[in-house]
Amino acid sequence: MIAFLIEIENRPGSAAEVTEAIAEHGINVTGGAGVACGSAGRMALTTNDEAGTRRALLGQGFKFHEIEVVPITIADSPGAFAQACRALADARVNVEAAFGVAISGDGITMAFATDDAAKARSILGQRSATSSR
């Protein structure tokens with residue numbers, strides 16, 4: 001799974017412009033988050049059509065980069081997200097973005113964009129296999 005980390009201005013309409021450009025191509029946003037600091041911001045989005053999203057963003061001139069995300073389903077309980085983050089930190093894996101992509105029953109699937117997807121997959125895969133819900 002790929003996330004698009006899109007640079008935006010911190011102003012009314014920036015998020016709408018990005019998501020409208022994607023929607024105009026019939027693409028569904030399946031997960032995401034955004035944050036702004038000062039005059040700039042960034043959106044992290046996953047979609048149901050990565051190639052189409054890439055074309056849509058390039059066609060509108062948005063600055064972005066792509067990064068592999070590692071999904072993990074964690075318990076919907078206090079501390080579960082913190083435990084996943086701590087496991088990555090202890091393995092010296094840097095988290096560039098993390099956001100929810102699905103909620104089901106008593107769990108939430110989080111997508112982690114990191115500086116080492118293979119290592120994150122190994123660390124988080126172990127946590128997912130050993131965590132009980």
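Predicted model: local features only at pLDDT ≥ 70, side-chain atom pairs only at ≥ 80, totals over all residues.
**Sheet architecture, helix packing and cysteines**

In C85, the sulfur lies 19 Å from the closest cysteine sulfur, that of C37, which is too far for a bond. Because a disulfide requires sulfur atoms within 2.5 Å, the structure holds zero disulfides.

The strands are arranged in an open sheet of six, in the order β2-β3-β1-β4-β6-β5, with antiparallel pairing. Strands β2 (29-37) and β5 (95-104) stand at the edges, and each has a single partner strand, so that one side of each is left without a neighbour in the sheet. On average, and with direction ignored, neighbouring strands of this sheet are turned by 30 degrees against each other. Strand β5 is joined by eight bridges to β6 (residues 107-114), the two running antiparallel, and G100 stands opposite M110 in β6.

Helix α3 (residues 80-90) packs on the sheet, where it touches β4, β5 and β6, and its direction makes about 25 degrees with that of β6. Helix α2 (residues 50-59), in turn, lies across β1 (2-9), β3 and β4 (64-75), and runs at about 20 degrees to β1.

Within strand β3 (residues 40-47) is found T46, a buried residue with a relative accessible area of 0%. When its neighbours within four places in sequence are left aside, T46 is in contact with M1, I2, A3, N28, V29, T30, G31, V69, F99 and V101.

Key: Residues numbered from 1 in each chain as written. Heavy atoms only, no water. Helix = DSSP H or I, 4+ residues; strand = E, 2+ residues; numbered from the N terminus. Buried < 20%, exposed > 50% of the residue type's maximum accessible area, 1.4 Å probe, protein only. Contact = heavy atoms within 4.5 Å. Pairing = 2+ DSSP bridges. Axes fitted to C-alpha atoms, helices over the stretch in contact; angles between N-to-C directions.
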